[in-house]
Structure formats: structure tokens, C-alpha cells
Amino acid sequence: RRPRAWRSDVCSSALTHHLAPGAASADTTSDVAAPVPTAFDGAGSPTAFALVRFQDRDAILVRAGVRFSEPKHGKFATYIPLSLGGTATGLYRGWCSIRATVDGETFRYVNSHLEAEDADVNLAQANEMVGVLRNERDPVIWAGDFNSDADTHAPSYALITGAGFTDLWPLAHPRDPGLTNGPADGVGVEVPGPDHGVALVP
């Protein structure tokens, strides 16, 4: 197996709106819109509104000339429920996959984004994905943002590796911890640097 070569030809991407050219497979997880006030009168009451839309997608991108087939995608059955403007919705996560052939070897490439805000939901989504892949006939490369700390063997990481998947990073870079996530990675927050790994290729 040559996972490093495969990873240069097939890669994962998180998209917030437009689907990039060359996307072989993609999911649309969250797609919500709500009115937001943009102007106010002297009393502070809104006088104008704009419709703000948030759309979250995950995609698999391939190099030109790479053979692939069987694009698949889905939303996880377990999610965080939300109410937006009185309408029931949810914070959804999902996955997408393709079957690709590189250098004569065929494999299933999977991209997933597991929940970051609720550990129980994260674990349920990981378990669901393991079930989806259980009967896959070809080797599987499962990449994505797992939101599960590899250093502490958090529950989802332990579940995935316990199901037979191997974390490739420590094999390829035994002296590099592969930190991908910081202690305060919100928008507008100064981040001193990553301190744990959650984006993996098991």
C-alpha cells in the first residue's frame, strides 16, 4: 500500500458554500437561513432585515485523470437538534466517499466530519460510519475531521482504531505528534498553536 501517494491524488475538503470544480463526491449537511436585522430606528427596533444563509458541505477532490466511481454521501442519523426562528432543525454532520484507482490499486476513499460539540453524538456518528464501512470489499482510506483526540485515545478514536483502522500519521511521522487543533479555535480568537490531533487518516 502507498497511502502517501494516494493522498496526493485524492483529498478531502470542507466547503461552506460553493462546490469546487473537480469534486468527485460531496454531502450537504447543514443548510439553514434566518433573517438578521441590518438597520434600526431611534428606539432600537429593527427596520430592515437581510436573509443570512449558512450551508455546510464536505467534498472529495480528485486530480484530473484519476479514475473513480460509485460516489456516495449521507448524513449521520444522530445529530444535535436546534430550533431556529421557531423551526425545528439540527446541526448535521455527514460523509461522502468514492471508489478510486491509483497506480493500479483500487480503494474506497471516505471523508467524514464528526460532531465537535457533543461527545456522545460524536461517538454515535463514528459508530454509524464504522457500520457503513463494515462490509467494504476494497481497502478503505478514511480521512476527515474526527473531533476525537488521538493523543488521549478519545472514545471515537478508540472505536475507529478498534474496528481495524490504522492511524497512518504516527507510522509515517513517528517523531511528529501531528497536532491539528488548538485550545481556542473559534473565529476571531487568537490561537497560540495546535495542541492535539483530531484530523486524521486512519
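Asn122 is buried, as its relative accessible area of 4% falls under the 20% cut-off. The residue belongs to helix α2. The model is predicted, with a mean pLDDT of 80 for the protein and 78% of residues at 70 or more.

**Surroundings of Asn122**
- Beyond its neighbours within four places in sequence, Asn122 is in contact with Leu114, Glu115, Phe146, Asn147, Ser148 and Ser156.
- Asn122 is also one of the α2 residues that meet helix α3.

**Packing of α2 and α3**
- The axes of α2 and α3 (residues 155–162) come within 9 Å and cross at roughly 15°.
- That angle makes α2 roughly parallel to α3, because angles under 35 degrees count as such.
- The crossing in which α2 passes α3 is right-handed.
- On the α2 side the residues involved are Asn122, Leu123, Ala126 and Asn127, and on the α3 side they are Pro155, Ser156, Leu159 and Ile160.
- Sorted by class, this contact has 5 nonpolar residues, 3 polar ones and no charged ones.

**Confidence along the chain**
- Helix α2 (residues 119–133) has the highest mean pLDDT among the elements of the protein, at 95.
- The lowest mean pLDDT among the elements, 41, belongs to helix α1 (residues 3–9).
- Over residues 15–21 pLDDT stays under 50, and the model has 13 contacts beyond four places in sequence for this stretch.
- Residues 191–200 also stay under 50 in pLDDT, and for them the model has 48 contacts beyond four places in sequence.

Methods:
Residues numbered from 1 in each chain as written. Predicted model: local features only at pLDDT ≥ 70, side-chain atom pairs only at ≥ 80, totals over all residues. Heavy atoms only, no water. pLDDT = per-residue confidence, 0-100. Helix = DSSP H or I, 4+ residues; strand = E, 2+ residues; numbered from the N terminus. Contact = heavy atoms within 4.5 Å. Axes fitted to C-alpha atoms, helices over the stretch in contact; angles between N-to-C directions. Parallel < 35°, antiparallel > 145°, perpendicular 65-115°, else oblique. Left-handed = near helix turned anticlockwise from the far one by under 90°. Nonpolar A, V, L, I, M, F, W, Y, C, P; charged D, E, K, R; others polar. Buried < 20%, exposed > 50% of the residue type's maximum accessible area, 1.4 Å probe, protein only.
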